Amino acid sequence: MRWNNCSRRLSCLLTILGLNMFCCPAVEDITKCGLRCSQGLQCKSKNITFREQSRSCRKRSSSLPSKIVEDLKIFTVVKCMEERQCSIHLKVKGTLILDEHIRGVEMCSISMSTLQYQCTVVKFKKDAYTKLTAHPVEIDYDCFSTEMREYTYVTLKTIPYYCDALLKQEYLVGDCTNREIGRHMPTCKAGKLDYAINKKQKTLSVQVSDSVEDHAYNVRLCHKWFTCEDLGINALIKVQDSKEVILPYSQILPCLCIEGWSALPDARRVQLCPFKNYTTELWNGITYDHVTQELAWEPACPVDVGVNLCWMTGSNDYCTDLQDSFHRVRQKVRYSRVDPHPSLCVKFTTDEGFWVRCPFASGYLPVWNMSTDGQLGKLQLTFMTQDTAEFKMALCNKTTPHKCEPLQELHVTANTIGAFSRVLNLSLEECDSNLCVQGWRTDIDYSVRIQFCNMCKLNSTGTSSRYIWPIAITVILLILMTVILCIGYMICRVLQQPYRKVYLHSTQSSRRMSVEIDGISPF
C-alpha cells in the first residue's frame with residue numbers, strides 16, 4: 001500500500017512537471033540570430049518570398065530512406081542588443097537523414113493572425129555528403145521574427161520537395177507571464193500603481209512607480225467588463241512630469257478601476273479597482289415606468305446575480321418571493337405590469353448573500369389597500385382602490401413563519417373607484433392562531449399580498465365593538481342632557497335677580513309710609 005501511494009504521488013508530480021514544461025517552455029537569450037548546422041555539414045541560408053516556395057512535390061525514389069525528415073522542434077528566443085532593447089524570434093530545429101539526393105531544406109513560419117509568411121532555404125555543400133550520408137543531421141535557424149501571444153504555423157520540407165518528406169507544427173509564442181520574456185521586453189513592464197481616495201471631493205490620487213524609463217505613461221479610469229470601458233477620464237504622464245495625477249470620479253462602483261500602461265505599442269497594462277468590495281452600490285439602479293407599468297434594473301458592473309420580486313410582511317422582517325419572478329441575469333432585467341405598492345421589493349442574490357431594495361417604500365401612495373373587520377363569526381374584508389381593478393382574497397393556514405396554504409378564495413371586481421367589501425363566514429372551529437387572510441390584485445402580472453393573521457383577535461374585537469358603540473352613544477347623550485339642564489338652571493337664576501330687588505325696595509317704602517301716618521295726631 002505504501003509503495004502504491006508513493007508511485008501515485010510520483011506519477012502526479014511528473015505529470016504536473018510535464019504540464020509546466022509544455023505550458024511554459026524555456027526561453028533562450030541570444031545577441032545575434034543566424035543559421036547553425038551539425039558539425040561537418042556546411043550550409044548557407046537564403047530568404048525567399050511566398051511565390052518562391054516549393055509547392056509541387058516529387059515522387060519518392062526507391063533509393064531514399066523510409067523516413068527522411070525525422071523531427072521538428074520550435075523554441076522562443078529573445079534577442080537583445082542592449083538592455084530593454086529586445087525582440088522575440090522563433091528558433092526552428094529540424095532533424096533529417098542526409099542523402100545524396102537531398103540538397104537542402106525549406107523552413108517557413110506563418111502568422112495565423114496576420115498571415116505573414118517568412119521562409120528561408122538552407123542548402124548543403126556537396127563536399128559533406130560522403131561522410132554524413134545516411135546519418136541524422138540538425139539544422140537550427142532562429143531568425144523568424146514574431147510577437148508575444150502569436151499563433152504560428154511552421155513547416156519543414158526537403159529540397160527537392162518529396163511528397164512525404166514534410167513536417168508541420170503549430171506553436172503559440174509566450175507572453176509577459178513567461179519569466180524571461182517579462183524580464184527583457186519593455187512592453188512587459190506595466191509599472192506599479194498606488195492610490196489614495198478622497199470621498200469628499202470624489203477624486204483618486206494615483207502614484208506611478210517602476211515604469212519604463214524614458215517613456216511616457218498613461219493612466220485612466222474605466223469600467224471593467226470583458227474589457228475596461230473608457231470613461232473619458234485619463235492623463236498622460238510625460239517623462240519630465242510628476243509621477244502623480246488626480247482623477248475625478250462620479251459614482252462609486254465595484255468595477256471602477258484605475259488602468260496604467262507605458263506609452264508603447266502593445267504595452268502590458270496594470271489595473272487596480274479601489275471599490276471592488278462596494279457591491280451594495282449595484283442594487284440602486286431600479287427604474288419604473290408609470291405608463292407601461294414596467295420595472296427594470298440594469299447592473300452598472302458585470303455581476304452574476306439572481307433577481308426576483310418579493311413582498312414585505314407587516315413586520316418588515318421578511319420578504320416573501322413572488323411566484324415566477326426569478327431571473328439569473330448578467331444584463332438588464334425587466335418586469336411588465338407591476339403593481340407599484342410600497343411593500344413590493346426587489347431581491348438580489350449572489351454567492352456572498354442577498355440584498356433587498358424597495359423602490360416604492362417612500363414617496364408612493366398605494367393605489368389600493370385592504371382592511372378587515374370581524375363580527376360574530378363573520379369576517380368582512382374591504383378593498384379601497386383608486387382605480388378599476390380585480391382582486392382575490394383567501395383564507396389560508398400558516399404552516400411556517402413565512403408560508404400560508406390557501407383554504408378558501410373569493411374574487412372581487414372593482415368597476416369604479418371606492419370601497420368594496422366581501423364577507424366570509426368564519427366558524428369557531430376555524431378560528432385559531434394559524435388562520436390568516438390575504439388579498440392581492442389579479443388584473444396585473446406582479447402584485448403584493450396584504451396579509452392579516454390572528455383572526456380570533458379580530459373577531460373578538462369586532463364583537464365587542466358592536467356593543468361598545470351603543471353604550472358610548474348613550475353616555476354621550478346623558479352628558480349632553482345634564483349640561484343643558486345645568487345651563488338652563490343658571491340662566492333662570494340670573495333672570496330672577498332684578499325682580500327680587502324691586503320687590504324688596506317697594507316693601508320697605510310702604511312700611512315707612514305707614515309709620516309716618518300713624519304718628520300724626522288728630523285735630
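Predicted model: local features only at pLDDT ≥ 70, side-chain atom pairs only at ≥ 80, totals over all residues.
Most residues other than glycine have a negative phi, and most peptide bonds are trans.

Lysine 202 is another non-glycine residue with a positive phi, in this case near 55°. You will find lysine 202 in the loop that runs between β11 (192-198) and β12 (203-209). Lysine 202 counts as partly exposed because its relative accessibility is 41%, and that class covers the range between under 20% and over 50%. For a cis peptide bond, turn to the step from isoleucine 159 to proline 160, where omega is near -5°. Proline 160 belongs to the loop between β9 (151-159) and β10 (166-172).

## Salt bridges

Side chains of opposite charge can pair when their charged atoms come close. The model has 18 salt bridges. One of them joins glutamate 259 to arginine 269, with 3.2 Å between the closest N and O atoms. This pair links distant parts of the chain, 10 residues apart: glutamate 259 is in strand β16 (residues 256-262) and arginine 269 is in strand β17 (residues 269-272). Glutamate 259 is buried, since its relative accessibility is 4%, whereas arginine 269 is partly exposed at 41%. Both residues also take part in a network, in which salt bridges with shared partners join Arg220, Asp230, Glu259 and Arg269.

Lysine 392 and glutamate 409 form another salt bridge, their closest N and O atoms lying 3.4 Å apart. Lysine 392 is in strand β28 (residues 389-400) and glutamate 409 is in strand β29, so this pair ties together parts that are 17 residues apart in sequence. Lysine 392 counts as buried because its relative accessibility is 16%, while glutamate 409, with a relative accessible area of 44%, is partly exposed. Arginine 441 pairs with aspartate 443, and here the closest N and O atoms are 2.8 Å apart. Within this pair, arginine 441 is buried at 8% relative accessibility, and aspartate 443 is partly exposed with a relative accessible area of 22%.

## The largest pocket

Rolling a probe the size of a water molecule over the atoms shows where empty space is left. The largest pocket has a volume of about 800 Å³. Its lining is made up of 34 residues, and those nearest the centre are Trp311, Thr320, Leu322, Gln438 and Arg449. By type, the lining residues divide into 15 nonpolar, 11 polar and eight charged.

At least two residues each come from β20 (305-312), β21 (319-321), β29 (403-414), β31 (435-441) and β32 (450-453). Among these, β32 gives the most to the lining, with four residues.

## A nonpolar patch on the surface

On the surface, Ile479, Val483, Ile487, Ile491 and Leu495 form a nonpolar patch. Together, these five residues have about 470 Å² of accessible area. Isoleucine 491, one of the members, is found in helix α4 (residues 455-518). Isoleucine 491 counts as partly exposed because its relative accessibility is 47%, and a residue needs over 30% relative accessible area to join a patch.

## A buried isoleucine and a contact across the sequence

Isoleucine 110 lies in strand β6 (residues 104-111). Isoleucine 110 is buried, because its relative accessible area is 10% and the limit for that class is under 20%. Although isoleucine 110 and valine 154 are 44 residues apart in sequence, their C-alpha atoms are 6.4 Å apart in space.

Notes: Residues numbered from 1 in each chain as written. Heavy atoms only, no water. 1 Å grid on protein atoms, 1.4 Å probe; cavity = no way out; pocket = protein on both sides within 12 Å on 5 of 7 lines; lining within 4 Å. Points joined across faces, edges and corners; volume = space filled by probe spheres on them. Nonpolar A, V, L, I, M, F, W, Y, C, P; charged D, E, K, R; others polar. Patch = residues over 30% accessible without salt bridge, like charges linked within 9 Å, V, L, I, M, F, W, Y side chains within 5 Å. Areas by Shrake-Rupley, 256 points an atom, 1.4 Å probe, with all protein chains shown as cover. Salt bridge = Lys/Arg side-chain N within 4 Å of Asp/Glu carboxyl O. Buried < 20%, exposed > 50% of the residue type's maximum accessible area, 1.4 Å probe, protein only.
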